[in-house]
Amino acid sequence: MRSANQIFKSLGGALCAVLLAYFLYHPHSGPELTIGTVNNADMILMQRLSREFEAQSGVKLNWVVLGENILRQRLTVDISTGGDTFDVITIGSYETPLWGQRGWLLPVDDLGADYDYDDIFDVVRQGLSYQGKMYAAPFYAESSFTYYRKDLFRQAGLEMPEQPSYEQIRGYAARLNDPAHNVYGICLRGEPGWGQNMAYVSTLVYTFGGRWMDLGWEPQLTSPEWIQAVSFYVDVLRKYGPPGASTDGHNEVRALFANGNCAIWVDATSAAGYILDPSQSRVASTTGFAKAPIQKVPNGAAWAWSWALAIPKSSPKAGAAKQFIKWATSRQYVATVGARYGWVLAPPGTRRSTYENPAYRRAAPFAELVREAILTADMTKPSVLPVPYIGIQYVGIPEFQAIGTDVGQEISAALTGGATVEQALALAQAEAERAMRRGGYLK
């Protein structure tokens with residue numbers, strides 16, 4: 001039998017060139033999916049592993065990866081106008097029930113018995129459902145808690161309680177702030193946006209005893225609780241935070257903590273695996289975890305969120321899209337990440353089987369704390385005061401995306417010194433009232 005090399009020689013140079021061009025450059029003939037997703041660590045890992053899905057399924061994936069604020073704006077415009085740019089979109093527990101109600105998404109409760117829906121935590125499924133139908137499949141879920149440097153605490157003779165108060169957090173940040181050595185007492189999200197600085201500030205407002213709106217849908221942004229909570233936020237970040245905090249979103253603050261530049265960080269539980277991965281974090285061996293801090297009340301001190309994959313109703317490729325979503329959010333995918341990259345990096349927060357897995361529990365000392373935070377975060381009672389909405393780091397109405405972003409801009413101005421806290425919240429109150437009137441909530 002002749003070798004491939006001999007065959008090619010006998011065919012002649014011109015024909016070889018044609019054949020080679022065909023095999024190398026012939027367009028992919030199978031289905032193609034365009035996926036819009038956020039640029040965080042778990043989604044980047046999913047992209048890396050998705051080459052295996054492409055090889056198994058024959059489906060080609062085209063990725064559009066954007067920052068959180070930009071992604072939300074682009075997806076909202078595309079889906080609300082009936083655009084067909086995306087076949088799979090990364091959205092959360094805020095958008096999913098609202099968009100499902102409007103008929104913008106296809107249900108994903110038909111992925112098959114082997115998908116094991118009962119393995120998904122009830123609170124996660126409920127957050128991604130409307131009238132009992134699931135409109136997005138959870139890739140990972142999270143709450144929020146406290147990260148801290150055990151080595152710095154030990155050196156200063158400090159001990160982090162299981163659930164600190166915000167007054168304790170202020171004291172610890174003051175003691176551990178060491179800008180001369182590029183270590184700051186506390187790092188928090190400062191980038192404006194309803195899913196950036198306001199995700200954290202909302203939890204702060206709730207534990208200070210406040211709420212976004214009263215039972216008549218009147219915004220409460222000039223209440224004493226809002227003023228106290230935002231004053232705390234501005235004060236600790238100005239005194240003990242890193243320079244340029246007003247531009248730091250989740251990814252930037254996570255990188256600061258992983259690099260050893262923060263003594264304390266209150267943020268998403270989903271970052272814990274990244275922080276404990278020594279290939280990505282300088283503080284993997286010295287990081288401790290505690291519950292989210294509280295001030296006056298425990299209500300809403302920790303948020304509840306899920307990043308999930310959904311299918312716009314406008315996509316003509318629902319079959320292939322469901323095939324991909326089933327692969328990316330399955331028990332098997334979690335096991336693949338654990339086996340390939342280490343169990344500490346397995347997508348957290350969604351499935352009971354993950355938290356029952358001894359390998360995950362050994363690798364992730366934060367596992368039980370995260371599971372408890374997710375299961376006890378009550379989106380129906382975020383405030384100690386009565387509210388007409390659901391959600392902790394968001395208000396579950398369509399208008400909140402704009403309201404939260406506007407308020408985030410005003411609070412950012414207070415953080416940078418462009419306004420006092422009272423001035424910023426007065427402007428935020430006026431903007432929120434206008435939005436609620438336009439939406440028909442107020443007369």
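Buried means under 20% relative accessible area, exposed means over 50%, and partly exposed lies in between (1.4 Å probe, protein chains only). This is a predicted model, where local features need pLDDT of at least 70, side-chain atom pairs count only at pLDDT 80 or more, and totals for chains, interfaces and linings use all residues. Residues are numbered from 1 along each chain as its sequence is written, and side-chain values use heavy atoms, with hydrogens and water left out. Helices (H or I, at least four residues) and strands (E, at least two) are DSSP runs, numbered from the N terminus.

**The sheet**

- Let us begin with an open sheet of 5 strands, in the order S2-S1-S3-S10-S6 and with mixed pairing; two strands pair if DSSP finds at least two bridges between them.
- At the edges sit strand S2 (60-66) and strand S6 (137-142), each of which pairs on one side only.
- On average, neighbouring strands of this sheet are turned by 20 degrees against each other, direction ignored. Axes here are lines fitted to C-alpha atoms, for helices over the stretch in contact, and angles run from 0 to 180 degrees between N-to-C directions.
- Helix H3 (residues 41-57) lies across strand S1 (32-38), S2, S3, S6 and S10, and runs at about 170 degrees to S2. Contact means heavy atoms within 4.5 Å.

**Strand S10 and its partners**

- Strand S3 (residues 88-92) pairs with strand S10 (residues 305-310) in the antiparallel sense, over 4 bridges.
- Within this pairing, Ile-91 has Ala-308 as its bridge partner, and Thr-90 stands opposite Leu-309.
- S6 also runs antiparallel to S10, joined by 5 bridges; here Ala-137 has Leu-309 as its bridge partner.
- How many of the residues of S10 are buried? The count is 6 of 6, so the strand is mostly covered.
- In a regular strand the side chains alternate between the two faces of the sheet.
- In S10, Trp-305, Trp-307 and Leu-309 are buried on one side, and Ser-306, Ala-308 and Ala-310 are buried on the other.

**Two loop residues with positive phi**

- Asp-116 is not a glycine, yet its phi is positive, near 60 degrees. Asp-116 is found in the loop between helix H5 (95-101) and helix H6 (122-127).
- With a relative accessible area of 25%, Asp-116 is partly exposed.
- Gln-131, also not a glycine, has a positive phi of about 50 degrees. Its place is the loop between strand S4 (129-130) and strand S5 (133-134).
- Gln-131 counts as exposed because its relative accessibility is 69%.
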